[in-house]
Amino acid sequence: MPDYPVPVLGFAAYSGTGKTTLLEQVIPLLKTAGIRLALVKHSHHDFEMDKPGKDSYRLRKAGAQQMLLSSKYRTAWIMEGDGETEPDLFGLLSRLNTGNLDLVLVEGFRHQNFPKIEIHRPVLNKPLLYAKDENIIALACDAPVAEECRLPRLPMNEPRAVADFILRWLEAGAAAGPRKFPESH
């Protein structure tokens with residue numbers, strides 16, 4: 001895998017744990033701290049980006065494999081998948097304009113090899129992921145976990161603490177240069 005010019009940090013958890021909610025609270029804090037970031041989100045569901053009846057929707061439905069919609073306000077790129085093959089995180093990262101980014105946050109892609117914060121709610125009775133993923137660098141929980149954990153623990157319900165951890169992580173790795181990604185397992 002080629003070098004990647006900016007840090008990539010994931011949020012890994014089982015569905016319904018609160019990844020999106022936490023990111024929604026952490027992103028403005030990072031932005032206020034001057035961090036320019038992108039987000040790559042994985043979904044297991046089919047979704048529509050453009051509205052039925054709009055030109056982009058009609059042209060995509062007519063058979064365009066890729067659709068690029070642009071205005072002075074935003075640009076959206078839509079690529080049709082085959083309905084079977086999962087997207088490749090590193091292929092998606094290659095589409096980002098890294099020249100104006102300090103960080104890429106990733107929601108999902110928990111089986112890929114890159115640094116991640118695990119989000120865990122003990123009440124959901126799901127197993128912890130960090131024991132089987134050496135790429136998890138911290139554990140964010142909303143309650144104490146029963147087992148001993150070697151990782152930094154973050155209070156999931158305190159977005160400022162999570163944002164501060166990310167800022168410290170960025171500072172610690174700022175001199176590391178391009179990031180090499182191993183192949184996924």
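In which loop does Ile35 lie? Ile35 sits in the loop between H1 and E3, and this briefing uses that spot as one of its stops. The model is a predicted one, in which local features need pLDDT of at least 70, side-chain atom pairs count only at pLDDT 80 or more, and totals for chains, interfaces and linings use all residues. Residues are numbered from 1 along each chain as its sequence is written, and side-chain values use heavy atoms, with hydrogens and water left out.

**The overall picture**

- The protein has 4 helices and 10 strands; helices (H or I, at least four residues) and strands (E, at least two) are DSSP runs, numbered from the N terminus.
- Along the sequence, these elements follow the pattern β-β-α-β-α-β-β-α-β-β-β-β-α-β.
- Of the 185 residues in the protein, 38% are buried. Here buried means under 20% relative accessible area, exposed means over 50%, and partly exposed is in between (1.4 Å probe, protein chains only).
- Take the contacts between residues at least 6 apart in sequence: 57% of them join residues at least 24 apart. Contact means heavy atoms within 4.5 Å.

**The sheet**

- Six strands form an open sheet: the 6 strands come in the order E3-E6-E2-E7-E8-E9, with parallel pairing. Two strands pair if DSSP finds at least two bridges between them.
- As background, strands of a sheet pair through backbone hydrogen bonds, either parallel or antiparallel.
- At the edges are strand E3 (37-41) and strand E9 (153-155), each of which pairs on one side only.
- From one strand to the next, the twist averages 25 degrees.
- E3 pairs with strand E6 (residues 103-107) in the parallel sense, over 5 bridges. Within this part of the sheet, Val40 stands opposite Val106 in E6.

- How many of the residues of E7 are buried? The count is 5 of the 5, so E7 is largely enclosed by the rest of the structure.
- Lys116, Glu118 and His120 point one way from E7, while Ile117 and Ile119 point the other way, and all are buried.
- E2 and E7 run parallel and are joined by 3 bridges. Ala12 has Glu118 in E7 as its bridge partner.
- E7 also pairs with E8 in the parallel sense, over 5 bridges. There, Lys116 stands opposite Ile136 in E8.

**Helix H1 and its packing**

- Two packed helices are described by the angle between their axes and the distance between the axes.
- The axes of helix H1 (residues 19-32) and helix H4 (residues 159-173) come within 9 Å and cross at roughly 55 degrees. That makes H1 oblique to H4.
- For the angle classes, under 35 degrees counts as roughly parallel, over 145 as roughly antiparallel, 65 to 115 as roughly perpendicular and the rest as oblique. Axes are lines fitted to C-alpha atoms, for helices over the stretch in contact, and angles run from 0 to 180 degrees between N-to-C directions.
- H1 contributes Leu22, Gln25, Val26, Leu29 and Leu30 to the contact, and H4 contributes Pro159, Arg160, Val162, Ala163, Ile166 and Leu167.
- H1 also lies across strand E2 (8-12), E3, E6 and strand E7 (116-120), and runs at about 165 degrees to E6.

- Ile35 is buried, with a relative accessible area of 14%. Leaving aside residues up to four places away in sequence, Ile35 touches Leu30, Asp102, Leu103, Leu167 and Leu170.
- Ile35 and Asp102 are 67 residues apart in sequence, yet 5.9 Å apart in space, C-alpha to C-alpha.
- Gly34 is found in the loop between H1 and E3, and Gly34 is partly exposed at a relative accessible area of 47%.

**Two residues with positive phi**

- Most residues other than glycine have a negative phi, and most peptide bonds are trans.
- Phe109, in the loop between E6 and E7, has a positive phi near 55 degrees. Phe109 is buried, with a relative accessible area of 8%.
- Asn125 has a positive phi of about 55 degrees although it is not a glycine. Asn125 lies in the loop between E7 and strand E8 (136-141) and counts as exposed at 68% relative accessibility.
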